[in-house]
Amino acid sequence: MSRARENLVSYLIVGPFAIVLAFPFYWMLMTALRGDNDLYSVENVPFKFNDGSPTTSNFRFLFEQTQYDKWLANTALVGAVVVAITLVLALPAAYALARLSGRWGQSVGVGIFLTYLVPPTLLFLPLNRVVAELNLHDRLWSLILVYPSFTVPFSTWLLMGFFKTIPPDLEDAALVDGASRLGALARVVFPLSVPGILTVVIFSFSLVVNEFVYAITFISSTDARTVSAGVPTELIRGDVFYWGALMAATLIPAIPLALLYNVFLNRFIAGFTGGAFR
Amino acid sequence: MAVVASGRRWQDVFEERRFLGPLLIAPAVLFIAVLVGAPLILAIYLSFTDATAGSLTGEFVGFRNYLDAWDSENFRRALRNTVIFTLVSQAIVLVGAGVLAHALVRDFRGKWILRLLILLPWATPVALSTVGFLWIFHPLYSVVNWTLTHDIVPGGPAFFPYRAVDWIFARDFWPGAIQISPIEPIDPPQWLGEPNLAMAAIIFAHAWRILPFATVIFIAGLASMPPEIDDAARVDGATGLKKFWYVTMPLQLPIALVALLFGIVFTATDMTVVYVLTHGGPFNSTHMLTTWAFDTGINGSALGEGAAISLYLLPPLALVAILMLRFARRVEVT
């Protein structure tokens, strides 16, 4: 097959998938930019802008009339603290499992990873009671406490994969030069694993942004919501729908996350498969 | 020099194996034990008691919660829905991701932009993209229905897509679950208002968001295949489908199975898509075990029974975990 024909085959396969997978985002954008008169008219062709569109009124409504900005801030805060806790717990564990503990380490590593498979939907009922007993209900601390239970297993696994790709000889050289094991860790291994650590930061953060079950169970007051819980519960009320604003609210977190995913995808694959598939 | 270095190293490793290693691992393991292990045990304990929302303890009632749950019509429907939801969406994802990964592993012009578009559903928080599907399947303003019932080739020959859909699917040839009654342009399908269509919408929305992740895993598997295998296959005259069947697929099977098992876990235990899209409706027809447990345990305050319902998921999960360990080991060996 000639190169041009091979390319054509690729487009014919990938193109339809890309259209189906990306269409909802095109549609969110079209909706977010249309005014209510345009949106709720059955006569208008929805694929083009009609009377009064495009407009930024939905975005203005979202930030002026709703608590959306508060939810974004809550999500960012929870995300930042959870990522910090995750790194403190997962970095040393992943390093030790990758280097120091041999075959026994592999088993513990797999065991930690398996806990990632225990879903929130099995744990939210008892945890909801525990959160209530600790007086953390309706407070972001409840999420900060519980979220590392899935980010730590996930991150430990990824970091284990990254650490295995750093040749042990480098640390041995530092050890020979008189550095302690922890000194070698801080001065040789961590600087080399910055890309891996960044990948873990981004994917743990996005796990936090994604989380829904705990967020709707532990938090019920409007101003303590995260984005994932706030948009579907607070902006959809009975029969009153703010579809334009809803679609704007959906797009805003999606776009930066998609760009970050795209940049870090190859590293993610390397870490995710590096732990087991070597 | 080498002898001295390795001597030192062994001494260090000996010390560290005993102390430093466990010391570094302990905080993470303890944290996970407290926040995953303990709640899991608590859930199992609660499922054997009559605890209600206000307390963490209750009278021991044996298997009554499990039996009560089983006797409820809604529970059995939720169980059946969970199985259908998991199997159908994973079948779609497996085939889709396999095809897509094969096409994406090659280089071609404009690949990066297509890859970005394909990654979008994975990067978007699920609860939010599902809100997008609420709008796409809206009873009055659904873009799907608009497209189905309008002439989409203006100026040319009148073409109404719903006629094509009718021509394919409104036939006795199809089994009941697939066959549709002809679409009325005045009364288009209520995607979220009719049990079968609502299940289809849930399955579609979920497959849509898992597909990119499965594709990524498949690409990783394909990329790790040594190029010599390609050459060897070419020398032996294996091309196209033949090569896929005899060379690529057997080599990709373990990683595909791992991706599939992951998909099964994240689908069977997912609550977000159903909760946002239909909340189990219409008339409790699309509940999954997860949403039914949520409604029973949180909204209905029957903590014990809610825990029992969600714990019906545990045995299949354990089975999947064991299978996954098996296959992960096989991947390691190859």
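Trainee: Leaving aside its neighbours within four places in sequence, which residues is Ala201(B) in contact with?

Mentor: In this predicted model, Ala201(B) is in contact with Phe133(B), Phe137(B), Trp191(B), Leu192(B) and Leu277(B), where contact means that the C-beta atoms of two residues, placed from the backbone, lie within 7 Å. Residues are numbered from 1 along each chain as its sequence is written, while chains are lettered from A and ligands numbered from 1 in the order in which they are written. Because the model is predicted, local features need pLDDT of at least 70 and side-chain atom pairs count only at pLDDT 80 or more, whereas totals for chains, interfaces and linings use all residues.

Trainee: What makes the set around Ala201(B) a nonpolar core, and how many residues does the largest one have?

Mentor: The term covers buried Ala, Val, Leu, Ile, Met, Phe, Trp, Tyr and Cys residues joined through C-beta atoms within 7 Å, and the largest such set has 161 residues, with Ala94(A), Ala201(B) and Leu277(B) having the most contacts inside it. Helix 9 (residues 195-223) of chain B contributes the largest share of this core, 16 residues.

Trainee: Why is helix 13 of chain B described as largely enclosed?

Mentor: A residue is buried if 20 or more other C-beta atoms lie within 10 Å of its own, exposed if 12 or fewer, and partly exposed in between; by that count 9 of the 11 residues of helix 13 (residues 289-299) are buried, so the helix is largely enclosed by the rest of the structure. Among them are Trp292(B), Phe294(B) and Asp295(B). The buried residues of helix 13 of chain B pack against helix 6 (120-133) of chain A, and also against helix 4 (73-104), helix 12 (272-277) and helix 14 (303-311) of chain B.

Trainee: How many residues of helix 10 of chain B are buried?

Mentor: The count is 0 among the 9 residues of helix 10 (residues 227-235) of chain B, which is hardly covered. Gly237(B), which follows helix 10, has a positive phi near 80°.

Trainee: What makes up the side of chain B that touches chain A?

Mentor: The contact takes 80 residues from chain B and 75 residues from chain A, and helix 2 (residues 20-47) gives the most to chain B's side, with 15 residues. By class, that side has 61 nonpolar residues (Ala, Val, Leu, Ile, Met, Phe, Trp, Tyr, Cys and Pro), 12 polar (the others, Gly among them) and 7 charged (Asp, Glu, Lys and Arg).

Trainee: Where in chain B does pLDDT stay under 50?

Mentor: That holds for residues 1-7 of chain B, for which the model has 1 contact beyond four places in sequence; pLDDT is the predictor's confidence in each residue, from 0 to 100. Where pLDDT is low, the predicted coordinates should not be read in detail.

Key:
Helix = DSSP H or I, 4+ residues; strand = E, 2+ residues; numbered from the N terminus.
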